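User: I am new to this structure and would like to go through it with you. Could you please show it first?
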Amino acid sequence: MSKQTYRVCFCFRRRFRLTASEAPADIKEIFTRYSDNGVMTADHLRQFLAEVQEQKSATVEDAQAIIDSLRHLSLFHRRGFTLEGFFKYLFGDANPPISSQRGVHHDMNAPLSHYFIYTGHNSYLTGNQLSSDCSDVPIINALHRGVRVIELDIWPNSANDNVNVLHGRTLTTPVELVKCLKSIKENAFVASEYPVVITLEDHLTPDLQAKVAEMITQTFGDILFSPGSECLKDFPSPESLKKRIIISTKPPKEYLQAKDVKVKESDPKKGKNSTEEEAWGSEIGNFKSKIDDTKDDDSDGEDGEVDEEDPKAQQNEAPEYRRLIAIHAGKGKGGMQEWLRIEPNKVRRLSLSEQELEKAIVDYGKDIVRFTRRNLLRVYPKGIRFDSSNYNPLIAWSHGAQMVAFNMQGYGRSLWLMHGMFRANGGCGYVKKPDFLLRADAYGDDFDPKATLPVKTTLKVTVYMGEGWYYDFHHTHFDSYSPPDFYARVGIAGVPGDSVMKKTKILEDNWIPTWDEVFEFPLTVPELALLRIEVHEYDMSEKDDFAGQTCLPIAELTKGIRAVPLHTRKGAKYNSVKLLMRFEFV
């Protein structure tokens, strides 16, 4: 690996020297400080863990266990780490930015409304919203990632004697409901033992509703949480609902016959806009409300929600189906103010499209925060996201929305934020909301994410270097004529006052870039902040190439020098690509 040759033309080749991975100057200085005669003993390592990594409870035994676990690499002195061994440890899998040992550590005994919940949208679709196949495979994939809310759109089959799952009034091919239910049962608790909520978008006649009730009861049996036909007065806790399945939908209403809609391949709305054509997706949108957008793009089958107390909604319904609904959904009559009404003896779920939310936060931002203390708010993508793209989830999270429904089969920066948020709390799919979203402050004021707030802390991030692309990519993947020219983008996704992106210099012709740059990020609401990390390869003539990304919850960052694994556009972890970084709060 000392030299690499690129063929420029038939008779001309360019040769580049390939440098080996070498510890940056800061790492060498730290090793010198915590070693003696070129050897870092267990005592030295314990001191380093306590003072630099801020692992105050680390013992000599912990340090010795780290040294012993890496002796097979033949890079160590018999008494401890050499510089090369210490560098390998820092850049290894045993030194992650989020501790896997913490597991589930949030209080899981509060009501469901006190948690952000990992939520899917149209969970059965394999691709776009108009013509892709419906399948149980994306449902299984979502559950294995830790998603806790699965959405199923249920429609009669062509013979009107059975129930399919599909995106109605489109060209999507259906999958049988019973197949989806069985896959949910088999995979619900593989990644997390906390409850799975199935939200049903119901387009059925009463006789088919009764059939669905029978399917659900037979499939889930005793693990189905079914409190009866009455609305819950308070939501139970995730802890009390471990390994339970919960059904949520609006109360049954008369089935409306679907109309056939022909979808033209040339429909201009179907394509991505110019900013979405970037390999890694468009930049994250801000909190600005699109109140000038008068198009009715919110259609997702939920605009016609009716209140569960409306007698007209109960005229044609299957009582056994209604009894299965644990979390009642519905907007009720009237406008936004009525929808956000808080009832002392009843809790429910409200669904809003991303555009409805953007408009609502202009006049009802604090009302939404108050509503979500007891009730559930689900936000779903606008109807014209035919390409299964997503929106900025921070807008919803910062107003207390628990179920921020995303198209998990897509990719892009918004989805990376979703992945990042739910790396928290052991990846169990439930993240406790910050206290300021659960109660008013000492002055009786409710949280306003758009307000100018004082800085609570400053995150100092050092981007030392990166490696692994040489092993995970073909040598001409980024550039046919030379090694890649990498740069990193580092920033914050959070409330508007905290959100920012910064960029390192571009390092030319280097598979192992050493940027060694420091960035500082003042944070007013660190509880909602996510650290965004991306690497790209500069291309003078075309779009820059994607080279990896990750997103990490600030509240769970492990301080000190850490090896940060990068992921593909779809969120799969690369085998070798990672960055060496340092995180400090100053």
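User: Is N37 buried or exposed?
Analyst: N37 counts as exposed, because its relative accessibility is 75%. Exposed means over 50% relative accessible area, buried under 20%, and partly exposed in between (1.4 Å probe, protein chains only). This is a predicted model, in which local features need pLDDT of at least 70 and side-chain atom pairs count only at pLDDT 80 or more, while totals for chains, interfaces and linings use all residues. Residues are numbered from 1 along each chain as its sequence is written, and side-chain values use heavy atoms, with hydrogens and water left out.

User: Where does N37 lie, and what is its phi?
Analyst: N37 lies in the loop between α1 and α2. Its phi is positive, about 55°, although N37 is not a glycine. Most residues other than glycine have a negative phi. Helices (H or I, at least four residues) and strands (E, at least two) are DSSP runs, numbered from the N terminus.

User: What about K243?
Analyst: K243 is not a glycine either, and its phi is positive, near 55°. This residue is in the loop between β10 (224-225) and β11 (245-249). K243 counts as partly exposed because its relative accessibility is 46%.

User: Back to α2: which of its residues are buried?
Analyst: In α2 (residues 42-51), the buried residues are A42, H44, L45, F48, L49 and A50. They pack against α1 (25-33), α3 (60-69), β4 (80-81) and α4 (83-90).

User: How many helices and strands are there in the chain?
Analyst: The chain has 13 helices and 24 strands. Of its 586 residues, 56% are buried. Among contacts (heavy atoms within 4.5 Å) with a separation of 6 or more, 73% join residues 24 or more positions apart.

User: Which residues have the most contacts inside the largest nonpolar core?
Analyst: L152, I154 and I184 do, in a core of 78 residues. A nonpolar core is a set of buried Ala, Val, Leu, Ile, Met, Phe, Trp, Tyr and Cys residues joined through side-chain atoms within 4.5 Å. Another core, of 62 residues, lies apart from it and includes V461, V463, A488 and L557.

User: And what does L152 touch?
Analyst: Beyond its neighbours within four places in sequence, L152 is in contact with residues including Y124, I139, V165, L177 and I184.

User: Where is S123, and is it buried or exposed?
Analyst: S123 is in the loop between β5 (115-117) and α5 (137-145). It counts as buried, because its relative accessibility is 8%. The S123 side chain reaches the backbone nitrogen of E151 at 3.0 Å. Not counting residues up to four places away in sequence, S123 touches P138, I139, V149, I150 and E151.

User: Which helix holds L417?
Analyst: L417 is in helix α12 (residues 413-421). With a relative accessible area of 1%, L417 is buried. L417 and L530 are 113 residues apart in sequence, yet 7.3 Å apart in space, C-alpha to C-alpha. Leaving aside neighbours within four places in sequence, the contacts of L417 include I284, W397, A493, L530 and C551.

User: Lastly, where is I506, and is it buried or partly exposed?
Analyst: I506 is in the loop between β19 (500-503) and β20 (514-523). It is partly exposed, with a relative accessible area of 31%.

Notes
Polar contact = N/O pair within 3.5 Å; in protein donor to acceptor, adjacent residues only side chain to side chain.
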